[in-house]
Amino acid sequence: MSIRHFKSRIRKLVASRRGAAATEFALLLPAMLTMLLGTVQVGLLMFSYNTMVSAARDTTRAMAVCSVTDTTTATNQALSELPPWITGWTITPVIGNPDVSTTISVPPINAMLISWIPITFNPMTVSINMVKEPLALGGAPC
């Protein structure tokens, strides 16, 4: 084969657009997957935080109206409202007089879908405080 033949083959390969779309897709795929998984990750963290707020609010409300009178029952009630696939919850109900409060905390690495990404920041913490409600008609305090 002659050099002229090789030059013409090289010109044809350089001028050819076959496979350009596949190459561009291969270059953009990691960026697109990173954005997709990042969006899912942030959504899961927001869902976990909203669930924590709801569980803490419901538990504190139950303690404020005296339907829950001990910390073990309050902890179990809060735990029953939290997502079961997330572990490492720290639940601290406080029944005082006249205030009641519930604090729920979880390390964010436990709430992540992809936990091998080394993202470190403070635990997600929710704290709800309420005042015990006075009982109607002069009933005895709980």
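The report below goes from the overall fold to single residues.

## Basis

This is a predicted model, in which local features need pLDDT of at least 70, side-chain atom pairs count only at pLDDT 80 or more, and totals for chains, interfaces and linings use all residues. Residues are numbered from 1 along each chain as its sequence is written, and side-chain values use heavy atoms, with hydrogens and water left out.

## Overall fold

The chain has three helices and three strands. Along the sequence they follow the pattern α-α-α-β-β-β. Helices (H or I, at least four residues) and strands (E, at least two) are DSSP runs, numbered from the N terminus. Of the 142 residues in the chain, 27% are buried. Buried means under 20% relative accessible area, exposed means over 50%, and partly exposed lies in between (1.4 Å probe, protein chains only). Take the contacts between residues at least 6 apart in sequence: 57% of them join residues at least 24 apart. A contact means heavy atoms within 4.5 Å.

## The sheet

Three strands form an open sheet in the order E1-E2-E3, with antiparallel pairing. E1 and E3 are the edge strands, each pairing on one side only. Neighbouring strands of this sheet are turned by 5° against each other on average, direction ignored. Two strands count as paired if DSSP finds at least two bridges between them. Axes are lines fitted to C-alpha atoms, for helices over the stretch in contact, and angles run from 0 to 180 degrees between N-to-C directions.

E1 covers residues 90-95 and is joined to E2 by six bridges. A hairpin of three residues links E1 to E2. Eight bridges join E2 to E3, which covers residues 124-131. E2 itself spans residues 99-106 and is mostly covered, with six of its eight residues buried.

The table lists residues that stand opposite each other.

| Residue | Opposite residue |
|---|---|
| Thr 90 | Ser 105 in E2 |
| Pro 93 | Thr 102 in E2 |
| Ser 105 | Thr 125 in E3 |

Helix H3 (residues 71-81) lies across E1 and E2. H3 runs at about 140° to E1.

How do H2 and H3 meet? Their axes come within 9 Å and cross at roughly 150°. That makes H2 roughly antiparallel to H3. Here angles under 35 degrees count as roughly parallel, over 145 as roughly antiparallel, 65 to 115 as roughly perpendicular and the rest as oblique. The crossing is right-handed; a crossing is left-handed if the near helix is turned anticlockwise from the far one by less than a right angle, and right-handed if clockwise. On the H2 side the contact is made by Thr 51, Ser 54, Ala 55, Asp 58, Thr 59, Ala 62 and Met 63. H3 contributes Ala 74, Gln 77, Ala 78 and Glu 81.

## Selected residues

Ser 101 lies in strand E2. At 13% relative accessibility, Ser 101 counts as buried. Leaving aside neighbours within four places in sequence, Ser 101 is in contact with Thr 60, Met 63, Thr 92, Pro 93, Val 94, Ile 128 and Asn 129. Ser 101 and Ala 56 are 45 residues apart in sequence, yet their C-alpha atoms are 8.3 Å apart in space.

Gln 41 sits in helix H2. Its relative accessible area is 9%, so Gln 41 is buried. Not counting residues up to four places away in sequence, Gln 41 touches Met 112, Leu 113 and Ile 114.

## The aromatic pair

A search of the whole structure finds one aromatic pair. The ring centres of Phe 47 and Trp 85 are 6.1 Å apart and the planes lie at 10°, so the pair is stacked. Rings of Phe, Tyr and Trp (its six-membered ring) pair if their centres lie within 6.5 Å; planes under 30 degrees apart count as stacked, over 60 as edge-to-face and the rest as tilted. Phe 47 lies in H2 and Trp 85 in the loop between H3 and E1, so the pair ties together parts that are 38 residues apart in sequence. Phe 47 is partly exposed, with a relative accessible area of 41%. Trp 85 counts as exposed, at 52% relative accessibility.
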